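Here are my notes on this one, as numbered points. Have the model open while you read.

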Amino acid sequence: MSKRQIVEISTQEAKRQTEIINILSQRIKGKNLKFCLSTFGCQMNARDSEKIKGMLEEIGYLQTENEDEADFILYNTCCVRENAETKIYGRLGALKGKKRENPNLIIALCGCMMQQDMVVETLKKNYKFVDIIFGTYNTYKLPELLQTRLETGENIIDIWDSYKDIVEDLPDARKYDHKACVNIMYGCNNFCTYCIVPYVRGRERSRQPEDIMNEIKGLVADGVTEIMLLGQNVNSYGKTLENPMTFAALLKQISQIEGLKRIRFMTSHPKDLNDELIEVMASHDNICKSLHLPFQSGSSKVLKRMNRHYTKESYLELAHKIKKAMPNIGFTTDIIVGFPGETEEDFNDTMQVVDEIGYTSAFTFVYSKRTGTPAATMEEQVDEQVAKERFNRLTALVNQKAAEALSKYQGQTVEVLLEEISKNNRSVLSGRTDTGILVNVEASEDMIGQYVPVYIKETKSHYLVGELAK
Ligand code: 5AD
Ligand code: SF4
C-alpha cells in the first residue's frame with residue numbers, strides 16, 4: 001500500500017470514529033455516565049490511555065477513580081511480566097460480583113495482554129462477563145466497539161494481529177498541561193529473547209517526521225514546554241521510512257521548535273546509540289541531559305543469550321563516552337536478574353556495571369518466563385530463591401549508588417520544572433531537574449508548570465529536597 005493510500009484510510013477511519021462519537025454522545029446525553037480507566041505497564045500504555053480517555057470524554061462520559069460508581073470499567077493491560085497478568089486476573093475476579101449487581105455495567109479490556117491467544121481463550125471460558133476485548137492495534141476503534149456492544153448486547157472481541165494503519169487526529173486527553181508524551185514509533189524489531197513486546201506490539205513502524213513535528217508544534221502552541229518522545233527503541237527511528245532519517249536528525253529538527261524547553265526520549269537501545277546522537281544531545285540545551293539506557297545484564301555471555309547485540313565492555317565504553325561528552329548526564333536503566341543460565345559470576349558482572357556507572361535510578365526485575373519467547377524454553381532456568389536473593393543484593397547496591405549520585409546535588413542550585421502536587425504533602429510540589437531527578441520543594445499550586453531555581457538542602461536515595469532559591 002502506498003503512503004497516500006494509508007493516509008486516506010487513516011483519515012476515513014478517524015472520520016468514521018468521530019461520527020460514532022457524535023452518535024454515542026447523543027445517546028448518553030444527560031445520563032451522567034462515568035468511566036473508570038486503570039492503566040498497567042509502561043509509558044506506551046499510559047499514552048494509549050490518554051487517547052482512550054479523550055474519546056470517552058468526547059462521547060460525554062465523566063472520569064471517576066472509583067470503580068464502585070462507574071458505568072464503564074476499562075483495564076488497559078500489560079503482559080511484560082507474569083505478575084502484571086496475575087494482577088489483572090485478580091482485579092477481574094473482583095469485578096464479577098459488580099457485574100451481577102449491576103448488569104448495565106460495561107467492562108472492557110484492552111492492551112498488550114489481549115494480544116495473546118491464550119489469554120483471550122481464558123477470558124472467553126472463565127470471564128464471560130467481560131463485554132469488550134480489543135488489542136493494541138485498534139485502540140482507536142473503541143467508539144465503534146462500544147456502539148456495537150450497546151446496540152447488539154453481545155460480547156465483542158476484536159483483536160488484530162498487526163497494524164492496518166496509524167489513525168491520528170482523534171480526541172486526546174493529556175494528563176498534564178505543561179508536558180506531554182509523543183509517540184515517534186510503534187512496535188519493536190529486536191526480539192530480545194525474554195521479551196514479549198515484539199509479539200504483542202508488532203513490527204517497528206516510524207511515524208512521518210512531519211506528523212511528529214506538527215503534533216509537537218500544536219502542543220507547544222497549547223502551552224506544553226516539555227516533550228517525552230516515545231518508542232521501544234528510539235535509536236532506530238526512521239529506518240523503515242520511505243525517506244529514511246536518523247533519530248538524531250529528528251531530534252535536531254524538534255529542538256528548533258520555538259518555546260520547547262525540554263526534550264526527553266525513551267527507550268534507547270545501546271546497540272543503536274551512535275556518535276551522531278551524542279553530538280546532537282551535547283550541543284542542544286533543550287535536549288535533556290538524561291538517558292534511559294537499559295543494560296539488562298552485565299554478563300556478555302548472558303547478553304548474547306538475550307540477543308542484545310552488545311557486550312559488557314562495549315556498553316561500559318558507550319556509557320563512558322556519553323559521560324565524557326556530557327559530564328552531568330543522569331543515567332537510568334533496566335536490569336533483569338535470574339535470566340536462564342545466569343551464574344553467580346554473571347550476576348557479579350551485573351553488580352560491577354551498576355557500581356561503575358552509578359545510575360540515578362534503575363528498574364530492577366526478576367526474570368519472568370513469557371510463553372512464546374525463546375528464553376521460556378531455554379535450559380538452566382534459575383531457581384526462584386536464588387533469583388530473589390540476587391535481586392535483593394542488586395536493589396541494595398542500586399539504592400546505595402543512586403544515593404551517592406544524588407548526594408552530588410547537595411548545596412547546588414538547579415533549575416526545576418514544577419510538575420504536580422506531591423502525593424504526601426499538599427504544600428509541596430514535585431518536579432524534575434533537566435537530568436531527570438525528582439525534586440520536592442515547598443511551593444504553591446499556582447506555580448505548577450514554571451521553571452524555577454531550587455536550592456538543594458537535602459538528598460535522599462530517590463529524590464532531592466529543596467527550597468525556592470531567592
Ligand atoms: N522478565 C523480566 N523483565 C522483563 N522485561 C522485559 N521482559 C521481561 C521478562 N520476561 C523488562 C526489561 C525491559 C523492561 C521494560 O521490562 O528490563 O527493559
Ligand atoms: Fe523488548 Fe528488547 Fe524490544 Fe525492548 S528492545 S521492547 S526489551 S524486544
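**Notes on the model**

1. Strand 17 (residues 438–442) and strand 19 (residues 464–468) run parallel and are joined by 3 bridges. Strands here are DSSP E runs of at least two residues, helices are H or I runs of at least four, and both are numbered from the N terminus. Two strands count as paired if DSSP finds at least two bridges between them. Across this pair, asparagine 440 sits opposite valine 465 of strand 19.

2. A word on conventions. This is a predicted model, with local features needing pLDDT of at least 70 and side-chain atom pairs counting only at pLDDT 80 or more, while totals for chains, interfaces and linings use all residues. Residues are numbered from 1 along each chain as its sequence is written, chains are lettered from A and ligands numbered from 1 in the order in which they are written, and side-chain values use heavy atoms, with hydrogens and water left out.

3. Back to strand 19, which also pairs with strand 18 (residues 451–459), in the antiparallel sense and over 5 bridges. A hairpin of 4 residues connects strand 18 to strand 19. Valine 465 in strand 19 turns up again here, opposite glutamate 458.

4. Strand 18 has a further antiparallel partner in strand 15 (residues 413–421), again through 5 bridges. Valine 454 is a handy residue to look at: valine 414 stands opposite valine 454 in strand 18, and the bridge partner of valine 454 in strand 19 is leucine 468.

5. Now ligand 1. Which residues surround ligand 1? They are Val80, Arg81, Tyr194, Gln296, Asp334, Ile336, Phe365, Val366, Tyr367, Ser368 and Arg370, where a residue counts as near if one of its heavy atoms lies within 4 Å. By class, that shell holds 6 nonpolar, 2 polar and 3 charged residues. The classes are Ala, Val, Leu, Ile, Met, Phe, Trp, Tyr, Cys and Pro as nonpolar, Asp, Glu, Lys and Arg as charged, and the others, Gly among them, as polar.

6. The polar contacts to ligand 1 (pairs of N or O atoms within 3.5 Å) deserve a look. A polar side-chain atom of glutamine 296 is 2.6 Å from an oxygen atom of ligand 1, and a polar side-chain atom of aspartate 334 is likewise 2.6 Å from an oxygen atom of the ligand. Tyrosine 194 contributes through its backbone, with an N or O atom 3.0 Å from a nitrogen atom of ligand 1. Taken alone, ligand 1 exposes 410 Å², and the protein buries 86% of that (Shrake-Rupley areas, 1.4 Å probe).

7. Strand 13 and strand 14 run parallel, joined by 6 bridges, with isoleucine 335 opposite threonine 364 of strand 14. They belong to an open sheet of 3 strands, ordered 12-13-14 with parallel pairing. Strand 12 (290–292) and strand 14 are at the edges with a single partner strand each, so one side of each has no neighbour in the sheet. From one strand to the next the twist averages 10°, taken between axes fitted to C-alpha atoms, with angles running from 0 to 180 degrees between N-to-C directions.

8. Another open sheet has 3 strands in the order 7-10-11, with parallel pairing. Its edge strands, strand 7 (179–183) and strand 11, each pair on one side only. The twist here averages 20° from one strand to the next. Strand 10 (residues 226–230) and strand 11 are parallel and share 5 bridges; glutamate 226 has arginine 262 as its bridge partner in strand 11.

9. Around ligand 2 there are Cys188, Asn190, Phe191, Cys192, Tyr194, Cys195, Val197, Pro198, Gln232, His269 and Arg308. That makes 7 nonpolar, 3 polar and 1 charged.

10. Phenylalanine 191 has a positive phi of about 50° without being a glycine, and it lies in the loop between strand 8 (185–186) and helix 6 (197–201). A cis peptide bond, omega about 10°, links methionine 266 and threonine 267; threonine 267 is in the loop between strand 11 (262–266) and helix 9 (275–283).

Key: A polar contact is a pair of N or O atoms within 3.5 Å; within protein, one must be able to donate a hydrogen and the other to accept it, and residues adjacent in sequence count only if both atoms are side-chain atoms.
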